[in-house]
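Please look over the notes below alongside the model.

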Amino acid sequence: MRINVTRSSMPPMAEYVEEIRDLWDSHWLTNNGQKVLRLRDELRAYLGCPEVELFTNGHLALEALVRSMGLKGEVITTPFTFASTTHALVRCGLEPVFGDVRREDCTLDPDGLESLITERTCAILPVHVYGRLCDAERIQQIADRHGIPVIYDAAHAFGVRKGGVPAAALGYASMFSFHATKVFNTIEGGAVTTADPALAQRLALEKNFGIANAESTPAVGGNAKMNEFQAAMGLCNMRHLQEEIAGRKAVYEHYEQLLRGVQGVRLLDAQEDVESNYAYLPVFFDHQAVRDRVCDALAREDVFARKYFYPLVSDFECYQGRAGFDSARTPVAKALADTVLTLPLYPGLAPEDVEHIAQVVRREAARG
């Protein structure tokens, strides 16, 4: 049986059918229907943030955030991320400036931030990675000294907290992805969280063609509204969220028992005082050739791990020759990308499958 790197969480079919049943009565499928409004309220409470705007996907949520803030110029960010982070900036006419990351947690390194700030810097966009949080306190201190807003790509950080403070409360705003592969999904979907009601109003316009009401269109916007079927999946999945995270934790800890301390295999350490969502299980090897060999060996066993994130965004073909897109400038991020492999992780992954995957990893890593 094929084992993928993740498996979408889904409620019992009968529960979802019951949740969408009344849509056949209302015929209200989009445009801020009751299910979208209910999900927004539930997320406000769960994420601990007063303003939540829902979108059809996380990428459009990030583009809407950038446009709603009116950003122009350079944005300091990380190349160790999914394509969407950088693409959103470039598509909105902004210039990414890449900072290196920390080896211990793969997030933007605050030590290198100030050297990247120029008179053209308009924002800092760090990325929470694998359910681990950036050093938000230090990043915010640096940003405040220079009067620069911090906005987070929190696609991996749904429900993550540090010292009881939710990821959604960090920075000026955060983008969350509710893609099918995430800890919490709405099939496709996303959100922006903020404490600024004025920003929330601009986001609402941005995702609805700039239309405020039937007779007023004060802005130029696009179309990125979440629909009722997406929201219904989200409402169902919220009811099962804690068991989803608990299931991920159990599988994660099983891997830890089998791989922690194995020569040639490095696991990330848990972050102090951070309540993780166990979004992904990355492992790092001594050399790229070892990583590739492990990946190929697993694939021969119908186990499809993922080189996530490889290659670095700054090495993408679409950015070749573009100024500032040089992975040699971020050597830690480059080394991580070249040696990382995320292993299958989802509730219901059988213990014997975890043990078999770990056995393959140990065997291939031992070959050096």
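In which sense do strand β13 and β15 pair, and over how many bridges?

1. Strand β13 (residues 281-285) pairs with β15 in the antiparallel sense, over 4 bridges. Strands are DSSP E runs of at least two residues, helices are H or I runs of at least four, and both are numbered from the N terminus; two strands pair if DSSP finds at least two bridges between them. L281 has L343 in β15 as its bridge partner.

2. This is a predicted model, in which local features need pLDDT of at least 70 and side-chain atom pairs count only at pLDDT 80 or more, while totals for chains, interfaces and linings use all residues. Residues are numbered from 1 along each chain as its sequence is written, and side-chain values use heavy atoms, with hydrogens and water left out.

3. The open sheet has 3 strands in the order β11-β13-β15, with antiparallel pairing. β11 (265-267) and β15 (340-343) are at the edges with a single partner strand each, so one side of each has no neighbour in the sheet.

4. The axes of helix α3 (residues 34-47) and helix α8 (residues 228-239) come within 8 Å and cross at roughly 40 degrees. Axes are lines fitted to C-alpha atoms, for helices over the stretch in contact, and angles run from 0 to 180 degrees between N-to-C directions. Contact (heavy atoms within 4.5 Å) involves, among others, L39 and L43 in α3 and L235 and M238 in α8.

5. The axes of helix α4 (residues 58-69) and helix α5 (residues 83-91) come within 9 Å and cross at roughly 40 degrees. On the α4 side, the contact includes L62 and V66; on the α5 side, A88 and L89.
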